[in-house]
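Here is a short note for a colleague opening this structure for the first time. The points below can be read with the structure on screen.

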Amino acid sequence: MKSPVEDYLAEVLASVREDRSGAVADYIPELATAPADRLGIALCTPDGRVYAAGDADTTFTIQSISKPFAYAAALIDRGPEVVRRSVGVEPSGEAFNELSLEKESRRPKNPMINAGAITTHQLLVSADAGGDERVHRVQAFFSQLANRELVIDEDVCASELSSADRNLALAHMLRNYGIIDVEPHRAVVGYIRQCSVSVSVRDLAVMCATLANAGRHPQTGETVMDAAVARQTMAVMAAAGMYDSAGEWFTTVGIPAKSGVAGGLIGALPGQCGIAVFSPRLDPHGNSVRGTRVFARLSDDMGMHLMGVE
Ligand code: GLN
């Protein structure tokens, strides 16, 4: 039987369903074939209960939503000092694929833009780990967070690799400044495999609830990460998760969040819940149009803005 929460979530989806504005990402050829009308939502509470509506079991590639979780894994594996030496925590206010680094340190500004995420992937496991080990580490970590075995979508992965000039340019730039030391093509393969993990909003809501729950998994009860790692990750999401619309997002919605080009969008509300929405059409910043509207609605209706209600 559906709960009143699920009735409410279904009603929120219905209120944005007719909005067909925006466009699916097509710079990754395989993403252009996405079922653009799909719309789903899931919300996971600290006791592990998942409430869902719409296309909650449709799978899509995690894309940039992998970035906060990979950052958390790097913090666990290498500690905050090592991570901080290579990746900053300042909002860049720039597009996700901008070719930019901090002026003095030459670090990527934060782990949510591609330059920072390619670097973060190279921090996984240990300084001398191999490429497969790092991919295995993120896949296993994401699976632990989702509480089920997640797989890589090889079609999307191959498609993105066939048109990866921008990320290759970023990796070359990073190696030029000594931020990464691996061969750039290998760095991009690892990062793109990380982006190609296939998830549903149900998975993402559970993954996100562990962040919201200070690192304790809401379903298994395991401590997956220290509270300090969860806090650092959510703080960076709040500052930079929505790229060049991070300020607009935080003032209107007020929830630490992360979007992905396949149309996923997550929000972690500390101490309360993890939320995920899927709708493939994107706005010019690369954020899901209907996903953003759904979050704005939830934030208003339920007083979720971290800075207080209006
Ligand atoms: N894999 C994508 C890329 O590197 C992720 C971008 C995104 O989701 N914004 O371009």
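This is a predicted model: local features need pLDDT of at least 70, side-chain atom pairs count only at pLDDT 80 or more; totals for chains, interfaces and linings use all residues.

1. **A term to start with.** A residue counts as near a molecule if its C-beta atom, placed from the backbone, lies within 6 Å of it.

2. **Two domains.** The protein chain is divided into domain 1 (4-60 + 198-302) and domain 2 (64-195). Their C-alpha centres lie 21 Å apart. Domain 1 brings 34 residues to the contact, and domain 2 brings 36 residues. On the side of domain 1 that touches domain 2, the elements giving two or more residues are E4, H8, helix H9 (227-240), strand E5 (257-259) and strand E6 (264-269). H9 gives the most there, with seven residues. By class, this side of domain 1 has 19 nonpolar, 11 polar and four charged residues.

3. **The ligand.** The shell consists of Gln63, Ser64, Phe96, Asn97, Asn114, Glu160, Asn167, Ile192, Cys195, Gly260, Val261 and Gly286. Seven of these residues are polar, four are nonpolar and one is charged.

4. **Asn167, a shell residue.** Asn167 is among the residues around the ligand. It lies in helix H6 (residues 165-176). Asn167 has 24 other C-beta atoms within 10 Å, so it is buried. Leaving aside neighbours within four places in sequence, Asn167 is in contact with Asn114, Ile118, Val188 and Tyr191. Asn114 also belongs to the shell. The C-alpha atoms of Asn167 and Asn114 are separated by 7.3 Å, though the two residues are 53 residues apart along the chain.

5. **Ile65.** Ile65 is found in the loop between E3 and H2. Is it buried or exposed? Ile65 is buried, because 28 other C-beta atoms lie within 10 Å. Beyond its neighbours within four places in sequence, Ile65 is in contact with Leu204, Lys258, Gly260, Gly264 and Ile266. Ala276 is 211 residues from Ile65 in sequence, yet the two are 10 Å apart in space, C-alpha to C-alpha.

6. **Helix H4.** Helix H4 (residues 131-146) has 16 residues. From first C-alpha to last it reaches 23 Å, close to the 22 Å expected at 1.5 Å a residue. Its buried residues are Arg134, Val135, Arg137, Val138, Phe141, Phe142, Leu145 and Ala146. Seen down the axis of H4, they fall within an arc of 155°, so they line one face of the helix. An α-helix has 3.6 residues a turn, so residues three or four places apart point the same way. The buried residues of H4 pack against helix H2 (66-86), helix H3 (114-123), helix H7 (184-195), strand E4 (198-199) and helix H8 (201-212). Just after H4, Asn147 takes a positive phi of about 65°.

7. **Helix H1.** The 13 residues of helix H1 (residues 4-16) should span 18 Å at 1.5 Å a residue. The end C-alpha atoms are 19 Å apart, which agrees. Leu9, Val12 and Leu13 are the buried residues of H1. They cover an arc of only 100° around the axis, which puts them on the same side of H1. Turned away from that buried side are the exposed residues Pro4, Asp7, Glu11 and Ala14. The buried residues pack against strand E1 (40-44), strand E2 (50-54) and helix H11 (289-302).

8. **Two loop residues to check.** Val125 has a positive phi of about 70° although it is not a glycine. Its place is in the loop between H3 and H4. Val125 has 17 C-beta neighbours inside 10 Å, so it counts as partly exposed. Tyr243, also not a glycine, has a positive phi near 55°. Tyr243 lies in the loop between H9 and helix H10 (246-252). With 25 C-beta neighbours inside 10 Å, Tyr243 counts as buried.

Terms used. Residues are numbered from 1 along each chain as its sequence is written. Ala, Val, Leu, Ile, Met, Phe, Trp, Tyr, Cys and Pro count as nonpolar, Asp, Glu, Lys and Arg as charged, and the others, Gly among them, as polar. Helices (H or I, at least four residues) and strands (E, at least two) are DSSP runs, numbered from the N terminus. The expected span of a helix is 1.5 Å times one less than its number of residues. A residue is buried if 20 or more other C-beta atoms lie within 10 Å of its own, exposed if 12 or fewer, and partly exposed in between; C-beta atoms are placed from the backbone. The arc is that of the directions from the helix axis to the C-beta atoms. Two residues are in contact if their C-beta atoms, placed from the backbone, lie within 7 Å. Domain bounds come from an automatic or database domain assignment.
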